[in-house]
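Please walk me through this structure, one piece at a time.

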Amino acid sequence: MPTHTNAGPQARTAAALARPKRAVIIGGSICGLFTALLLRRAGWDVAVFERIGSELAGRGAGIVTHPELFDVIGKTGLDVTEARVGVGVSGRRVFGPDGRITGQLDLPQVLTSWGHLYRLLRSALPDDSYHHGRNLVRVEDSAERVRAYFADGAVEEADLLVGTDGLFSTVRAAFVPEAKPSYAGYVAWRGLVDESALSPETRAALCGHFSFSLPPGEQMLGYPVAGADEQLDEGHRRYNFVWYRPAASDGQLAELLTDVDGTRHPLSIPPHLIRPEVVAGMRADAHRLLAPQFAEVVERTQQPFLQAIQDLESPRLRLSPHVVILGDAAFVARPHVGMGVTKAAADAAALADALADGTDVEAALAAFEAKRLAFGRAVVQRARHLGAYMQAQILDEEQRARAERHRHPEAVMSETAVATGIAA
């Protein structure tokens with residue numbers, strides 16, 4: 001007959017100390033992967049849960065890199081050079097409406113794509129640590145452990161739960177429901193086109209630089225990134241563009257987000273549901289407003305997509321004794337600072353550092369929050385200043401004056417996606 005022994009408190013404590021601490025990471029995007037890889041390096045048992053049922057590598061957004069991003073990549077243990085991460089450019093250019101260069105700035109930088117960086121990180125994480133199709137519905141935190149409840153009925157218990165589940169974070173909503181995204185008053189048309197699909201003249205003008213075109217109240221930018229097959233060699237890459245355009249929430253935005261079936265989407269729309277006449281109107285505007293090189297890029301992009309620009313600030317990062325949020329789950333800045341992925345990576349590194357000194361989880365999360373909360377606020381504020389002149393409505397004279405300072409070609413080249421002017 002089997003016997004059962006109930007271990008006393010000292011035995012349970014010893015057993016807890018002997019096992020590696022366990023972290024449940026909600027959200028398998030780039031921030032979640034950085035967090036998982038860094039915590040594994042620190043000796044944690046890590047499980048990543050992603051609600052989407054398939055790999056995320058198909059996303060096409062371009063990413064501007066910064067030295068801090070490469071520092072964090074090195075901390076994950078990946079042996080990755082800048083040349084493997086992305087495409088290098090020598091500087092920046094502004095093109096006038098007639099296609100002539102109206103400004104230049106020497107500023108070497110490496111540009112990459114979301115999908116390329118995702119694949120590099122995902123390849124370093126064992127498959128048994130990454131779980132697809134797992135939708136979080138509830139979190140319970142107790143004095144010692146945290147429990148995650150999923151839609152499929154499964155329950156995961158851990159010493160730490162990290163929310164890296166993005167702008168519409170389920171983790172954040174469970175603890176600070178008042179922290180919601182807010183629409184900034186303008187949208188971004190985005191797209192990728194094969195470098196080989198562009199004319200030789202356009203490739204020569206655009207594909208070696210980070211370039212801009214500046215219609216009144218708008219901004220177009222673009223740069224080369226890895227090709228669809230991860231090729232980084234010239235001629236096999238893709239060109240990524242982002243075109244910021246005002247769209248009042250009670251008028252033009254509703255029109256843009258009404259799909260082919262007449263359904264109005266709140267703040268995003270699947271690319272294949274964008275009405276053909278909306279895309280055709282955007283292409284016509286490109287020929288009317290942009291430098292001809294950029295008009296060609298827009299014309300030859302097969303499936304442009306639309307992004308409503310939003311801000312998000314969470315009042316807290318440590319949501320309970322064993323729950324924390326990072327990256328876009330905590331702060332989302334307008335893309336003009338080009339800091340989204342770098343900030344997410346730095347958040348993950350700061351969390352791993354805070355947990356590495358042997359203190360208890362609650363104290364580590366408090367230390368992490370003290371270090372990163374002010375920085376997240378500063379990034380959001382800086383991005384608001386840079387993007388103010390594209391808002392559909394600028395409310396007062398101070399906003400107008402601030403916006404005017406950031407719309408000249410010299411300012412756009414020196415301030416966009418550069419880690420300056422941000423102080424915590």
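A search of the whole structure finds 0 disulfides, a disulfide being a pair of cysteine sulfur atoms within 2.5 Å. In general, a disulfide is a covalent bond between the sulfur atoms of two cysteines. Two cysteines can still be placed. Cys31 is buried, because its relative accessible area is 8%. Cys207 is buried because its relative accessibility is 5%. Buried means under 20% relative accessible area, exposed means over 50%, and partly exposed lies in between, with a 1.4 Å probe and protein chains only.

This is a predicted model, in which local features need pLDDT of at least 70 and side-chain atom pairs count only at pLDDT 80 or more, while totals for chains, interfaces and linings use all residues. Residues are numbered from 1 along each chain as its sequence is written, and side-chain values use heavy atoms, with hydrogens and water left out.

Now the whole chain. It has 14 helices and 18 strands. Helices (H or I, at least four residues) and strands (E, at least two) are DSSP runs, numbered from the N terminus. Of the 424 residues in the chain, 54% are buried. Contact means heavy atoms within 4.5 Å. Among contacts in the chain with a separation of 6 or more, 70% join residues 24 or more positions apart.

Back to Cys31, one of the buried residues of α2. Helix α2 covers residues 30-41, 12 residues in total. From first C-alpha to last it reaches 17 Å, close to the 16 Å expected at 1.5 Å a residue. That expected span is 1.5 Å times one less than the number of residues. Because 10 of its 12 residues are buried, α2 is largely enclosed by the rest of the structure. Gly43 follows α2, and its phi is positive, near 95 degrees.

Next, a charged residue inside. Glu369 sits in helix α12, residues 361-387. Glu369 is buried yet has no salt bridge. A salt bridge needs a side-chain nitrogen of Lys or Arg within 4 Å of a carboxyl oxygen of Asp or Glu. The nearest side chain of opposite charge, Arg318, is 4.4 Å away; Lys and Arg count as positive, Asp and Glu as negative, and His and the chain ends are not counted. The backbone nitrogen of Arg318 lies 3.1 Å from a polar atom of the Glu369 side chain. Beyond neighbours within four places in sequence, Glu369 contacts Arg316, Leu317 and Arg318.

Is Asp106 buried or exposed? Asp106 counts as exposed because its relative accessibility is 73%. Asp106 lies in strand β5, residues 101-113. Leaving aside neighbours within four places in sequence, Asp106 contacts Ser90 and Gly91.

Conventions
Polar contact = N/O pair within 3.5 Å; in protein donor to acceptor, adjacent residues only side chain to side chain.
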